[in-house]
Each structure stands twice: as structure tokens, then as C-alpha cells.
Amino acid sequence: MKPGGATEPPSGTANPDRAPDLPDLERIPIEEHIVEIVSDSGEGAQKAGQSFGTLSAKMGNGVWTVEIIPAEIQPPQRSRAGASGIRIRLGSGKVTNMGDTADLVVAFNEQVLYSRIEQGALRQGTLVLLENKWATSNMPEIREAWVRARADFERAGLDVREVPMETECLKLTDNPFRGKNMWVLGLLCHLYQRDLEKAEDQIRTIFRRKGDQVIDLNLKLLRAGTTWARTHLGFYYDLPTRMSDQPLVVMNGNEAVGLGAMASGMEVCSMYPITPATSVSHYLSEVFRDAGGVVHQAEDEIAAIGFAIGCSYAGKTAFTVTSGPGLALKDEFIGLAVMAEVPLVVVVVQRGGPSTGLPTKVEQSDLLSALYAQPGDPPKIILAPATIEECFHFMITARQLAELTRGPVIVLTDANLATGVQPYPRPQFKREWLAPPIDQSPWKPGVPAYDWDPETGFSQRPIPGQKDGMYVLTGLAHDEGSHVAYDPETHERGCNRRSRKVAAFQSTLKSPKVHGEGAGDLLLVGWGSTMGAIEEAVDKARKRGARVSSLHLRILSPFEPGLREIFGGFKKVMTIELNYSDSLADPYITPGNRRYAQLAWLLRAKTLVDVDCFSVVHGHPLQPAMILEVIEGELARLHGQPGRRLETAAPLATGKDPSCLA
Amino acid sequence: MFGLMPNCRLDLKKPYYCMADYQGAEARWCPGCGDHAVLATVQRLCRDKQLPPEKTVFVSGIGCSSRFPHYMRTYGFHGLHGRALPVAAGIRMRRPDLHVFVVMGDGDCCSIGTAHWVHTIRYNMKMVVMLFDNEIYGLTKGQTSPTSRAGTRSSTHPSGSVLPGLNPLPITLGVTNVSFVAQTVDWNPAHMMATLDAAYEHPGFAFIRIIQRCPHFAKGLHEELLANPDRTLYLDHKQGITLPDEVARMYKNRARHDPSDLIAALTHAMRTDVIPIGLFFQDRSRTRYDVYGAANINTPPERKEAMLNRELDRFAV
């Protein structure tokens, strides 16, 4: 959506009800837009973007935000690697993913733009509003870098407009480094005709702890940004808003996990700081104590889960939150929770691996680890929310399942859900969501601690304080009475009962629903946060006549039933994932030794269907355009045409010269 | 006797627990193992304090001594090697009504679980914590332990261990917010009983190192200590652990030690010429994390609902 100059007449028709009265400005109608704000770390681009996203959601736009996070807290200024910021995709309808290339970028310096170009986030014609104070810097090397960059951006086809952010902010504050972000929010408020009163409320909310002086200054900056944009930019976007008929809430996935935990009646969050999981506890720490809960920051990841297990054993089910490296440390305790049947919820906010990997970036590489990393193969339930709304509701389900099946339930989210912000229908609280009070009635004498139902493996657990329920929980092989028993028969029976619980739970599930037709040429299978991008690509391809559908799995252990039957309706089935898989084009790689993407690996084993996969580990959320390319390549090949097989590395734009933008 | 009150009335509704009520499975430690004596003393403590078995939890790690909960008839948690303390802390956090005891060996506490040892001292949650220190790994068959003295011949150091043994006492005393540290020996039931009693009554994290004999892998380790009473230093103070005169009399080597004096406690704890027994340090006023943790356990569902709705309002579009 390149804003035209005075020579281009505006297209589309104005909505007389809501077109603002700005006759002197060009009105550019849009249905959706992708906006980015990028800056050096600490300049508050994310705060401005989150406010803009929330504000847009409040006005009735669909919204999805993704943070652009450098790994360091204070990387050097004006460095490409240090780019910090946020992408906000907004539309008049529902928005389910980050989309493809940006339409508008607000950049606080020219160097951070390079990193966005390198990452393929921009295209020819992207409008860039660029801080111009660097052009007149008193440091010659900065002035030279500016000139070079302007030439590079010109060649790349970016539509750069200089904005005197610093100069304007200096009229109101001595420290524009801290205030520029709210000025930019004001600028965006003009461009997208946001409700200024709502924007002011937003500022009052985010600075509520900073005092009236700070609020006042930021309100002034906001208004100044709006006024400047209105007098200098000469256009505005007309993005229809549609107020939902049901009440909505807007938050990120980690806040949804925390709120879901509160709604589930769990009272203890036991954690150790790890990116990108920690903000669950930040949120909870603000509100949990008033709601009867407590956040325990343990001395390490192992203690965090041990503490949660102790809480669960002695009372209500507790939960712990972590990310990949923390999950590795928790594995021994997860095995104990399975073996000794302690209800527990483990939230894993996945990031890039192996090892410390990409701490701030998204990946789906912990599925096999969650399922199989613990020694001795302990069976367990794994859930994977696909949306921020599901992050909330799955916590309630996870608590209930942990108690029903008397064991751990792992909830796999990821960095994209954790920091992404999206509106969803406001949950209507139900009293049964809350955990019941701790049972302290006398235990029925003679009933053993593991009174396994021979058919389902389910049993009720005695809780300390229950008279006559005394037993000694142990991770050793044990019989129904929790007596240590090494004989073959007892161990076989114990393993069987614990495994039976997972199968019994599976028997209650229905087949997952296919998105699109139930039969066709190609079925894409995904899990977790990629749902929005996959379905958007499938919808676009179907509009072009492609016989492609998608299937999104929320329960990864056990699988929902009927997968083999669903797969049977398609000529080809492939997973789309954010983890590593070998490319068949690579040296030494054959269909026999190929490492498949993780869900594909499991589906091949469980269904005996030759499931293919497309997966990438570039650290970004999946984008619809890339998936669309995969679909088109696969379909062409299915139809005997020389369709390009999109391989793992092909769509990466790393190191891309700015002169060859998409 | 069942229901017999001190005023010789019978209260038939009030249970009276006797030793047998605390006895679980038959102990399967080696004959001559010091653990047997600790088990008997702990069962006596439970009886003397009339702890309801269903309100009592023994938490352990992995090792010979960690079989302890199986031999009690209370609730028990025989968990992972080195991880007894985080579990016990979790149990204590929201259940102020339970009596929590922790049993660890020297490998458990001073090697694989060192981080938890240090930090749980600092949390200072009310529980009785017993370190069974026999200076050797028993269950895995005779490897050097962190507390093994230099030159210990073991499965992993057949020609003798290289490093001096780690002394757990100064470490414990050195942790910020420490509140109770005592030492006793498995061969003096009266002193052990008095120590356990003081630990049980302590409002916080009561750490007891029990010098304990392993007749199988560390045979004769404490023979000299047993043969020569002067090798034991009896820490004597009216605020400390006091023994009846007839027992105290056997300890000629005594020191007046005020358990509120942390620096003096450290000095005693670091002595190698003698083994001090008694109370090194006690401070009843230290910050307790379990008091913070259990402050809101009775929040009614109405309040939770109201809080949730308040939060949803905050996120409302």
C-alpha cells in the first residue's frame, strides 16, 4: 500500500459514517496493514507498538503483534544486530499471524533498517518513516553512513520519508531517547485515525506507576506526534473497524497462561528465570497473591519442579514454567511425577535450540524432548495451544487432566505465542474451573494408594492429612500399596497401568477437524503457533483452485484418533514445522537416513503413512507467503510438473543485498 | 495408653499414639547400621509429641538413609537423589498444618543436592532436617563421599582419596538466614533425642548433622571417638541441648557455648581435634519463607473469581 502523491487519485469509496473530516489529506483505504517500529534497544519501540496494537484491538481491528528482540539487553547503538522493535499486523477482520512483508516501518535510525532488510521483512515500496537527526550528526562517520544507507534504500526501492523525531521531541523534553516512542505512537494514531481518547487512556495505563508528571509529558508527546503527522504527511489510512458483538480481551500468550493458571485454581507457580518463559511469572507476581496464589522463584530449574511436585503431593496441583534448557533439567522430576503419579502442569515456552540456541526466538524443537527425553519412557499427556486464547483455556484443561490422570501434563507454547498479542473472546468464568479444596476426609481403610482401575489405570490419590491414607511415595518400582517391588510381574503391571491412563484418555477424544475439504491433493499438518499462517496460506491457495487442506493438532500425546483415516483422503501429507529437518538435496541425505521434522517423525511412526515435512529454523514465526510457495511447489510436482521443491534453506533471506529486495 | 489424659481422665475420642503407630515396614539396613538408632529415636519423638501420623511427612532423597520414610507409618516421599529439600519446601509452603521431616545422606545433601541445601537453609521454612553423615556412599557400594576424610580407601579411590573431607557445619552456619544448627551422634540416644526435641520445637529450618556409622563400607571409622570420650566436645549451655546429669557426666571435655553466638559457633564447627556435639546456633527470629507462602491459603473462591474478573477487565477491549 504505497501512499500515492498528489497525482494519484485516492481509490475506493469513503464510508460516510466514519470517514474523518480531513479534506486536505489524501485518504488511502486499506483492508489490512503490517506496521513495524524498529529502534535501538531501550528506545521503547515495543512499548509504542504494544500500545498501538492494543489500541487498534480496542477500536475493533484484528491484531497480531510480534516482538523483534535482540539477545542483549543493551547492544551497541546503531548496530544492525541490535535492532529492537515490534511488528503489528492489523486488519478489518481477524488476524491470525504476522503476515509477510511490512507496509510501513518507523525506524529510529537507518542502521536498524538493514537488519529488517536482511531478514526479508521489507519489500519494494515499503513506506519508511525515518528519523533524520543522523543526517546532521556532528560525527562524520555517522553522516557518511547515513548517506550510504539512503542510497542503498533508494536502490532497494524503499519509499523513505524523513521525519524530524528528535527535533520535534526536543520541543517538549530534554531526553527524547525516552520520549520518542510516544511521539511515534501519536504519529501512528494520525496515520491510522486511532481514537485519541483511547490512546490517552492507554498512556495513563502503561505509565500508571510513574506519576502524573511522566503521564503528562507522554500525553503531550502523543498529541505532538499526531499534530505533526497531520500537518506534514499529507495522507492517512482508512482501515475499517468492526466492533465485535461479544466482549473481547487482548493480551499476550504468557499473560494468557498466567491468567489461565489463576482461572484453573492452581495456587503455586514455581519457576526459575528463563527466556522466553519468565514473563508468565512477572505477570502472575503482580496479581497472584491477591487471588490466593504465590509465585516461588526457586534456586534452579530442578528445584522449581521439585517444589511444584511437593506442593502437588501435599495439596493442590501446582505448575512450573520453563523453556528448552530448563526442560532438560526438569526431566528427572517429570519422570518421577509419572512414576509416582503426582499431578503437575509443566508449561514449556519453546525457543530455538539446541543448547542455549536462540533464547529470544521461536522454534518448535522440544516436542520429542518433552515426549521422550526422560529416561525409562514415562507416558504422559502433551498439549499444544495454537492461539493465545487457547493458552488461557488449555491451562484449565491441563490442571483437570493432570488430576484426572494423576500425572504430569506438558503444555508446549512458544516464543511467538508468548510475546504475540491478539484479541479473543472474553472468557466467562465458571466455578468448576477452580480446583476443589484439598480433600481431608478420612481415606477408606484398606484401599491402597494406587488402587488402579484395571481397565483405565486411573486411581484416586491420598493427600497428606487424610487419616488412614498414609503411604510412602516412591520413584522405585512399586505395587498398588506403593511398596517397593522389584519382581517382574509388579513392574510390568505398574508400567501397564500408567500407560493405560493415556490410552483411556485418548478414547474420550474426537477426530480433529480438517481446515478445507476432507479430501484432496495435499494435506498440511501443523501444531502450535503456526496455525494462523498455515491456514491463511491454505485459504489463499484454495482461492486459486488448489486442492489443499490443513490439519492442526492440539494434543500431541496421545494423538487425537482418526489421523490415518484423514491422511487417507489426500495424495500427499506433509507437516509444516519450526524445527530442523534434513533436506533431501543435502549431501549424504537419503529418504532412509533423513532426520524428519518432529511431528512428522511421530506421525510416520504412529500412522505408518509416508508423511513428508517442510521445516525451518530461522527463528521467526512462519509466514503465509513461504507456506504458499511450499504448497504450489508440492502441487506442481504432484501433477507431474517441474515444481520447485522448497528446501529448508531456500526461502532464507540472510545476507540479502539490499538492492535485491523481493 | 489410649485416651488417658494427664488428669487421669479418659477421653475416648482422643487418640493416643504409641511407638507401634509410627512403625512402617521392617527396616532393611545392615545390622549395626547407625540408621536403626535414629529411626527408633525419631519414632520416640513422634510418640512423645503425639504427632498424628496422617499429619506427618518424611521426605528423603536416594541412598541408604533415604529408605527411612518406608520404615515410618506416616506419609512419606522417597524422591530423587539430592532433591529432598525442594520437595519438602513445596510440601511445607502451603501446608502449615503438617509436620515435615527431611532425611538425607552425605551424598544427597553435600554433593548432588548442594544447591538446595544452601538455598533451603536461607528459605528457613519450618522442618526438621537430618543429615545422616557416614562419610561414604553405601547404596552404590562404597564410593568416596564429599565428607570422606583424605586417604579414605574406597571403590573410586582404591589407593586413598586425595582431597580433605568437606565439613558441612561451617557451610550451614555460613548461609544467610540460618536459624538452627546442631550435631549429634548415632550412639548416644539420649543426646540424639534431646537434639531432635530441640529441632522439632524450633520455629524454622532445624538442621542436624548426625554422625552415623556404616559398619559395612566405613567400618571402624569412629572407633577412636567411641573409645575415647575426650575426643568429643560437649557444647554445654542452658539455651542449648541439655542432658540429664547422669548422661552428661560421661563427657569430661566440655565447652560453655552460647548458641546465639554465631562466630563462636563457627569456631567450634571448624575444629578438627575434637567432635563437638550439641547446639551450635539458634535464632528463633529469622525470616520464614513458609509464613509468607501460606499467608493466603484460605482465599475463598469468590475472591478468586473477583480477581479474575478484575484482571479480565484490565485486558478488556
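Modeller: Two strands pair if DSSP finds at least two bridges between them; strands (E, at least two residues) and helices (H or I, at least four) are DSSP runs, numbered from the N terminus. This is a predicted model, in which local features need pLDDT of at least 70 and side-chain atom pairs count only at pLDDT 80 or more, while totals for chains, interfaces and linings use all residues. Residues are numbered from 1 along each chain as its sequence is written, chains are lettered from A and ligands numbered from 1 in the order in which they are written, and side-chain values use heavy atoms, with hydrogens and water left out.

Biologist: Which strands are the edge strands of the open sheet of 10 strands?

Modeller: The order is S17(A)-S2(B)-S1(B)-S3(B)-S4(B)-S8(B)-S7(B)-S11(B)-S9(B)-S10(B), with mixed pairing. An edge strand here pairs on one side only, and this applies to S17 (472–474) of chain A and S10 (254–256) of chain B.

Biologist: What angle does the direction of helix H10 of chain A make with that of S2(B)?

Modeller: Helix H10 (residues 301–314) of chain A packs on the sheet, touching S17 of chain A as well as S1 (56–60) and S2 (75–78) of chain B. Contact means heavy atoms within 4.5 Å. Axes are lines fitted to C-alpha atoms, for helices over the stretch in contact, and angles run from 0 to 180 degrees between N-to-C directions. For H10 of chain A and S2(B), the angle is about 155 degrees.

Biologist: Are the residues on the two faces of strand S10 of chain A buried or exposed?

Modeller: Buried means under 20% relative accessible area, exposed over 50%, and partly exposed in between (1.4 Å probe, protein chains only). In S10 (residues 268–271) of chain A, A:Val268 and A:Ser270 lie on one side, A:Cys269 and A:Met271 on the other, and all are buried.

Biologist: Why is the pair of A:Phe235 and A:Tyr237 edge-to-face?

Modeller: Rings of Phe, Tyr and Trp (its six-membered ring) pair if their centres lie within 6.5 Å; planes under 30 degrees apart count as stacked, over 60 as edge-to-face and the rest as tilted. A:Phe235 is buried at 1% relative accessible area, and A:Tyr237 is buried at 0%. Their ring centres are 5.4 Å apart, and the pair is edge-to-face because the planes stand at 75 degrees.

Biologist: What is the angle between the planes of A:Phe429 and A:Trp433?

Modeller: Both A:Phe429 and A:Trp433 are buried. Their aromatic pair is edge-to-face, with 5.8 Å centre to centre and the planes at 85 degrees.
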